[in-house]
Amino acid sequence: MQFRTIIEPFRIKSVDALKFTTRDERVAALAAAHHNVFLLRGDDVLIDLLTDSGTGAMSAAQWSALMQGDETYAGSRSFYRFEQVVRDLTGFRHVIPTHQGRAAERILFHTVVKSGDIVPNNNHFDTTRANIEVEDAEARDLVIAEGRQPALVHPFKGNIDVDALAALLDREADRVPLVMVTVTNNSGGGQPVSMANLRAVRTLCDRYAKPLFLDACRFAENAWFIREREDGYHRLAPRDIAREMFGLADGCTMSAKKDGLANIGGFLAMNRDDWAEHCRNLLILTEGFPTYGGLAGYDLEAIARGLEEVVEEPYLRYRIRSTAYLAEKIAAAGVPIIQPPGGHAVYIDARALLPHIPPLQYPGIALVNALYVEAGVRAVEIGTVMFGLDPDGREQPAAMDLVRLAIPRRVYTQSHVDYVAEAVVGVAAMKDALGGYRIAAAPKVLRHFTAEFEGM
Ligand SMILES: Cc1ncc(COP(=O)(O)O)c(C=O)c1O
C-alpha cells in the first residue's frame with residue numbers, strides 16, 4: 001500500500017500536562033504582561049508556538065546520552081565526541097562550543113567586524129543583526145525580490161540576490177569582512193536556500209577573497225528542501241546534502257536549540273586559524289574554557305546525538321510535512337500566509353489580514369494577542385516591532401508584518417495542530433474587531449522581547 005498519512009516517527013514515553021485557562025484568565029494574564037506575550041508565564045499558555053528554539057523534545061537516546069556527560073573542566077570526553085560529530089558533519093577544522101547561537105555570533109562578529117563594515121546576508125535574524133550593529137557596522141539584507149513577496153510561490157525564497165551581492169562587493173569590498181547566508185531564512189519565512197545559490201555565492205566570495213559563513217540553525221530542514229525541490233538531489237541522504245552545503249562555506253554559527261535537537265547550546269566552527277584563535281580567547285572571557293564553552297558535558301552529549309538524529313529521513317519527512325499540514329489548513333480557509341510554508345513555522349501575513357491596522361500600529365501584535373486571548377495559542381510578531389527601529393532611533397514599517405507560528409520539534413501531535421488551525425481561522429474571522437497597539441515603553445535594542453504595549 002502507498003500511505004498518504006505521514007505519522008509522527010516516534011512513540012511518546014513521557015508526557016507533560018497542559019494547563020487550560022479561561023478567556024477571562026487569559027485577558028487578565030495578557031494585561032499583566034503589558035500586552036506582550038513574551039512577558040507571559042509559560043503555564044498560562046496552552047499551545048506554545050512562540051519559538052522552535054530550545055523547545056523540542058529530546059529522544060530517549062539523547063536522555064541516555066546525558067548520563068555519558070563528562071564534566072571535566074578541560075579536555076572533557078564529551079567535548080571530543082561533540083567536536084568529532086560537528087567536524088564529520090561540517091568539515092570545519094575549528095569547533096568552538098557556545099551556550100547558544102547568539103554567543104557564537106557575538107564572538108565571531110566581535111572578532112571580524114569593525115566600525116563602518118557591511119555584513120551581507122539573505123536576511124539577518126534579530127540577534128545576528130543586533131550583534132553586527134553593536135559593532136557599529138551595517139547588517140544588509142540581500143534576499144531575492146521573490147523572498148519579499150509573501151504570497152508568491154518560489155521553491156527557494158531564501159536565496160540571496162547574487163547580482164546585488166556582486167554589486168556590493170564590486171563597489172565596497174573593503175567594507176565587507178565576510179558574507180553570511182542563513183539556512184533556512186528565518187526572518188524571511190523559514191524559506192530555504194538552494195545549493196545552486198550557495199554555489200554562486202561561493203564563486204563570488206572566491207572572486208573577492210571573502211569568507212562565507214552559514215547561519216546554520218536549520219541546516220537539516222534546508223537540506224530536506226534541497227532534496228525535495230532541486231534537481232539532482234532527490235536520491236541523496238539529507239546528511240550528504242548538508243555536508244555539501246557546509247563544504248561550500250568557510251565557517252558557520254549554529255544554535256543547537258534548533259536543528260541540534262537540544263534544549264540549549266550552539267557552536268561556532270570555521271577553518272581560519274587566526275580567527276579561531278581570537279574567538280577562543282573571547283570565548284574564555286565570557287563563555288568558558290574552549291572544551292565546554294558555557295555548556296555542561298551532558299549538553300555536549302545531547303547535541304552530538306541530536307545532530308545525528310536531525311538528518312534522519314523519517315524525522316525530516318514528518319517535520320516538513322507537519323508544518324505544511326498546518327499551512328494548508330490555514331490557507332484553505334483564506335488566511336494569507338507566506339507561500340510556500342517554511343520548514344519550522346507557518347508565517348501569517350498580518351499586514352494583509354488586517355489592512356485597517358497601519359504597520360506603525362503593529363498588526364502583528366494585534367493578531368498575536370488575539371490568538372492568545374481567544375485560544376491560548378502563543379505566536380510571535382516578526383515585523384515592525386522586531387525590525388522597525390533603526391539604530392538612529394527612527395521607526396519605520398518593516399518589509400513585512402508577519403506572525404510566526406513556530407513548531408517545536410517532536411512536541412505537538414496532529415490534534416494539537418488541528419486545534420491551532422481552528423484557532424487561527426476563528427481569529428481571522430473576527431479580524432474587523434481587532435485594533436492596533438502603541439508602544440508604552442521599550443528598550444533601544446531588541447525591543448520586541450520586553451516592550452510594553454497599550455491598545456489604541
Ligand atoms: C536564523 C537564526 N540565527 C540565530 C539565532 C540565534 O540563536 P539563539 O537563540 O540560540 O541565540 C536564531 C534563533 O532563533 C535564528 O533563528
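In the predicted model, the lining of the largest cavity comprises eight nonpolar, four polar and one charged residues, where Ala, Val, Leu, Ile, Met, Phe, Trp, Tyr, Cys and Pro are classed as nonpolar, Asp, Glu, Lys and Arg as charged, and the others, Gly among them, as polar. A cavity is here a set of points, on a 1 Å grid over the protein atoms alone, where a 1.4 Å probe fits but cannot get out, whereas a pocket is an open set with protein on both sides within 12 Å along at least five of seven lines; lining residues have an atom within 4 Å of a point. The volume of the largest cavity is about 90 Å³, a volume being the space filled by probe spheres set on the points, with grid points joined across faces, edges and corners. Of its 13 lining residues, Asn36, Phe38, Ile365, Val380 and Glu381 lie nearest the centre. At least two lining residues each are supplied by helix H14 (363-375) and strand E11 (380-382), and H14 gives the most, with three residues; helices (H or I, at least four residues) and strands (E, at least two) are DSSP runs, numbered from the N terminus.

The structure holds three cavities of 30 Å³ or more, and the second largest cavity contains about 40 Å³ of space. The residues that line this second cavity are Ile47, Leu49, Leu326, Ile407, Tyr412, Val417 and Val420, which by class amount to seven nonpolar, no polar and no charged residues.

Residues are numbered from 1 along each chain as its sequence is written, and side-chain values use heavy atoms, with hydrogens and water left out. Since the model is predicted, local features need pLDDT of at least 70 and side-chain atom pairs count only at pLDDT 80 or more, while totals for chains, interfaces and linings use all residues.

Among the open spaces, the largest pocket has a volume of about 1400 Å³ and is lined by 37 residues, of which Ser14, Ala57, Met58, Arg410 and Val411 lie nearest its centre. Helix H2 (60-66), helix H11 (297-309) and helix H12 (313-332) each contribute at least two residues to this lining, whose composition is 17 nonpolar, nine polar and eleven charged. The second largest pocket holds about 950 Å³ of space and is lined by 37 residues, with Arg129, Glu133, Met386, Phe387 and Leu389 nearest its centre. Two or more residues of the lining of the second largest pocket come from each of helix H5 (126-133), strand E4 (138-141) and helix H15 (384-387), and the largest share, five residues, belongs to H5. By class, the lining of the second largest pocket divides into 18 nonpolar, nine polar and ten charged residues.

Two of the elements that line the second largest pocket, H5 and E4, are also joined by a side-chain contact. Asp141 and Arg129 form a salt bridge at 2.9 Å, N to O; because Asp141 lies in strand E4 and Arg129 in helix H5, the pair ties together parts that are twelve residues apart in sequence. The count of salt bridges comes to 31, each defined as a side-chain nitrogen of Lys or Arg within 4 Å of a carboxyl oxygen of Asp or Glu.

Around the ligand there are 15 residues, of which Arg102, Asn186, Asp215, Ser255 and Lys258 come nearest, a residue being counted if one of its heavy atoms lies within 4 Å of the molecule. Helix H4 (residues 101-112) gives the most to this shell, with three residues, and the shell as a whole divides into two nonpolar, seven polar and six charged residues.

A cis peptide bond joins Val183 and Thr184, with omega about -20 degrees, and Thr184 is placed in the loop between strand E5 (179-182) and helix H7 (195-207). Another cis peptide bond, with omega about -10 degrees, joins Gln339 and Pro340, where Pro340 lies in the loop between H12 and strand E9 (345-349).
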